[in-house]
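Subject: Two-chain model, handover and notes

Dear colleague,

Please find the structure below, with the notes after it. Please read them with the coordinates open.

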Amino acid sequence: MRPTQALGATRKAISSLALIGLLGLSLVMSAAAPLSVARDDQQGATPSRSAVTLSPARGPIGSITTLRGNGFAANASLDVLWQDWDGSWDASGGGFKARVYKERMTPLTQVRADASGAFEARVEVPQGFGFEHQIVVAQGGERRATSAFFVEMQARMTPQNGPPGTLITMELKGVGVQPRERDWVVLYDNQFAGWMSAVTTNGTATGVITATGGPGRHILEVFQGPYFPDLNAAHSPDPARPTWTFEFTVTDGQAILPPPPEQQGPKPIAGAPPKDAKGPVVWLDPASGYVGMDVTVRGSGLPANADVRLDWQTNFGPDPVVAGGIRAHASFPVVTGKTAADGTLRATFKVPEDVGRVHPVVLMAGEQSLATGEFKVRPKANFITPASGPVGTDITINLKGVDDTDTGKIFIITYDNAWTGYACSVTSQGDITIHIPASGKPGWHFINLYPGMYEPVGGQGMFSYEVYDNMEEFYIFRVPQLTYLADHPNEKDIPAFRFAFFVTGETK
Amino acid sequence: MTAEGLTPGQSVEFQWATANGSFKLDTASGAVKYEQRVFKPRRIPLGRATVDAQGKATATFAAPDDFGEVHEIYAVAAGKDVAQGGFRILRYATISPTEGPVGTPITITVTGMGWKPFEHSMGVLYDNKYGGYMSAVTTRGTAVFQIRAAGPPGQHTIRLHSAGKSVPYINIQQSPFSYLPQFNFIFTVTDDKGPPPDSVDKIDGSRVAVANAIVPGAIVKTTSAASGMTATLDPALGPALSKAKLRAQGLPPSAQLDLLWLTVQKSPNAPANWTPATATLTKVTTTPDGALTADVQIPDDVGGWHAVRLAAGKDAVVDAPFYMERSVVSVTPRRVRMGDTFTIKIKGAGWTELDNGVAVTYDNAYIGNAIAQDGNGDITLTLTATGGSGTHLIDVYPLIQSGKDKTWWGYRLPFLTFAQDFPGMQLGYRLSAFRLAIEVTE
């Protein structure tokens, strides 16, 4: 909550120390009434009953509320604190374990009570998590009074119209931290399109879906719901949960098609020699990229004119989460070459078909290890085929380099914004091939593959109900995480892949 | 079937390895909760044969009507397994019919579903929209259920897909379970003749525990009547606000008794918990020969198991159990402009995790769930009309709210096979699916 004006009895120039802190709080200064927050030792005794009120006691982010206090020590300098949280995902070990919200009390401002022990301040609700926040008024580090402010959620859809294939951005502000506040889901024409979270994004959730369907109006709805919309909100113990309904108009006109598969996904990241390298080193350029792309291994400080090979390290085997066991460690050569007379190396190889992750590489001379490096395989869209056909046509979509963690190994499929199912990469060594029968009216149809989580894992990397036991995280698995881009639980560079298919009019 | 290398002249029995499927419920805590599916291995004798002089025993048998996938077959002699083979029951699926107007019930039959993880559940995709899951836990691998034809005239795809956790595992051909088949069908919607009338798909009564029995583990405890006293309600099940006839005999002659309604209510101190409660319905007087006949107005209450009690003061005399079914009160309006809302009111939702919620599909796409939470069994669904002009279908299915299955199951998802394979059946729960429809106008 940002103070806009403090109306304490004593007005003084803001101290440099306070200014530094308050600038960090996005202080909104009023030219007409300079903020009066400064330290003052001339404070009276603290009365026994201090109280604060907020009017209004609820509002959206950016709204103004007035904080009034009384019963404080005369002329007391008071700290106004806002209950806030730092959100994070506990995905240590590659699997979801918990959402963690660390509470913190953020200093909002300092105000000065007047001679009667009262004060008044107008403040602006800051960006952040929504729902109930405590506002604490403290004196000398001791809590004197509290009041609650309810931050109302806001939802926005942009744009409001466009041809098929238009990317529609849904933005929620003021997402909460409690179980019935933090999960929101989107329906598109009464079809479940995905789940929105805002754990690490300070209460703001942003997701993108694709405009689909024939020309005309289409309905997008946002519901609270772990997993799926709670359709009985009227009889919920928390009827205050809002819902939103938006209309998107699909216009006539040329469909906006997603980029070709090869243009989707994270861009390769250039490699560079290790800093302050001494002795033999190897590095790969790029350092991150796709299955099948050319990579140059470079080295220096190596033995001159030596025959070398680069061994690629990985794991093979069925997904232990579904089949038990472990994936066996494996190593195989990807390129051989000869070092130059000056001990440098330059050789090119194609990234092998493998799971997405950081793969160590080891430069070997015979059985001697000379140096190690690494390459990070990232997921890529390989192809969709065919591009058109009648209802029932077998649409085949292929991805490569999909990760092998529980938070990265699956993609969740939507067809025209309707949840279809999931696909997993581990047993197939990073390859995902899905077959979908074409459906729907003649015209363009859109198939999106979103990141998501498979299921919670315990200490051995296996499925665990321990996470479920508190019931708070029961339903966030195997559903499309629309907010993957900014709030993925683990990997921060897993893309969503978008495809289009044209259903023709003939009968299959 | 041939076994070799056996002792000549020995009699061997061929045994078929399978499992018995059941649902484990927690009824001990005073609540009724679903816990998990349980598959207990067992063997079924197939027949006997005598080992010939070459040490070979041969027999012919018909593949049992059983769970799908690989079953071990043992040759057992003198109580010991002396040989082992296997037989795989393949999965098979049909739909019927394959064309019809909007609202046509489509019967889907799948045989050969397994009992092991990833083999035991499948999902249904209608035009690639997930519409729910099927199970065959207590039906030995056979699932029979219905969805309805939805969408504009033309061809529509129905895909029956193996499911990892009740959710279709779309690339299962790349998994350790690549042997599991998927089934694709085309259904042709011939016409839109307007919204079909509402209908109720009831549970298969032959598979459910008998109503009017005392419910094990439920909070609503019925009392043991004195010898010779009996009381029954006719019907013994029905919706809220329905009427039933109470007939009792063996009662004290010419006695004035209280007619009580045994129910539950939310605990005031812990709203998540339920406690027993009693409401007085009326007073009744028995005949000189100790008989009683009375009309009973079933209250507007939470659904599930209740009882009507005859009591003398504080003393219970005899109880007559009653199962309150869920019912649709209204769908309003029936003609809805695109983008406007319509409301479905349901009464009789229960207080247990087996019967307190519904899962809803719109044109066979799952859109969400609703749990009755306010203590009176009411569920109000406020939905938005979408999909363009014409008939649109809303199907309201039973669900399981949560559980502790070793392999995650379809919690809060449409339980399409509820009529034959639902966990609450063993306790006499009779849940229905409601088939509703609206007409969307522009």
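The notes below go from the whole model to single residues.

This is a predicted model, in which local features need pLDDT of at least 70, side-chain atom pairs count only at pLDDT 80 or more, and totals for chains, interfaces and linings use all residues. Residues are numbered from 1 along each chain as its sequence is written, while chains are lettered from A and ligands numbered from 1 in the order in which they are written.

Confidence and overall build

The model has an ipTM of 0.93 and a pTM of 0.91. Chain B contains 31 strands and 0 helices; both are DSSP runs numbered from the N terminus, helices being H or I of at least four residues and strands E of at least two. Its C-alpha atoms fill a box of roughly 85 × 65 × 40 Å along the principal axes. Of its 442 residues, 50% are buried (20 or more other C-beta atoms within 10 Å of the residue's own; 12 or fewer is exposed, in between is partly exposed, and C-beta atoms are placed from the backbone). Among the contacts in chain B with a separation of 6 or more, 71% are between residues 24 or more positions apart; a contact is a pair of residues whose C-beta atoms, placed from the backbone, lie within 7 Å.

Domains of chain B

Chain B is divided into domain 1 (2-89), domain 2 (92-189), domain 3 (199-207 + 326-441) and domain 4 (230-325), with bounds from an automatic or database domain assignment. The C-alpha centres of domain 1 and domain 2 of chain B are 28 Å apart. Between these two, 12 residues of domain 1 are in contact with 10 residues of domain 2. On the domain 1 side, β2 (11-26) and β3 (33-50) of chain B each give two or more residues, and β2(B) has the largest share, with 4 residues. By class, that side has 5 nonpolar, 3 polar and 4 charged residues (Ala, Val, Leu, Ile, Met, Phe, Trp, Tyr, Cys and Pro are nonpolar, Asp, Glu, Lys and Arg charged, and the others, Gly among them, polar).

An open sheet in chain B

Five strands of chain B form an open sheet of mixed pairing, in the order β17-β23-β22-β19-β20; strands pair if DSSP finds at least two bridges between them. β17 (237-239) and β20 (274-285) of chain B are the edge strands, each with a single partner, so one side of each has no neighbour in the sheet. Neighbouring strands are turned by 35° against each other on average, direction ignored (axes are lines fitted to C-alpha atoms, for helices over the stretch in contact, and angles run from 0 to 180 degrees between N-to-C directions). β17(B) runs parallel to β23 (residues 315-325) of chain B and is joined to that strand by 3 bridges. One pair of bridge partners is Pro239(B) and Glu325(B), the latter in β23(B).

The contact between the chains

Chain B puts 53 residues into the contact and chain A 55. Several strands of chain B supply at least two residues each, including β10 (122-126), β11 (129-134) and β28 (365-371). β28(B) gives the largest share of the chain B side, 7 residues. That side divides into 24 nonpolar, 21 polar and 8 charged residues.

A hairpin in chain A

β29(A) and β30(A) form a hairpin with 2 residues between them, and Asp416(A) in the turn has a positive phi of about 50°. The strands, β29 (residues 410-415) of chain A and β30(A), run antiparallel and are joined by 6 bridges. Ile412(A) stands opposite Tyr422(A) in β30(A). In strand β30 (residues 418-424) of chain A, 7 of its 7 residues are buried.

Backbone points to check

Most residues other than glycine have a negative phi, and most peptide bonds are trans. Phe118(B), not a glycine, has a positive phi of about 70° and is found in the loop between β9 (105-111) and β10 of chain B. Arg140(B) has a positive phi near 55°, in the loop between β11 and β12 (143-148) of chain B. Phe118(B) counts as partly exposed because it has 19 C-beta neighbours inside 10 Å, and Arg140(B) is partly exposed with 19 such neighbours.

In chain A, the peptide bond from Ser55(A) to Pro56(A) is cis, with omega near -5°; Pro56(A) is in the loop between β2 (51-55) and β3 (58-60) of chain A. The bond from Asp285(A) to Pro286(A) is also cis, with omega near 0°, and Pro286(A) is in the loop between β18 (281-285) and β19 (288-289) of chain A.

Regards
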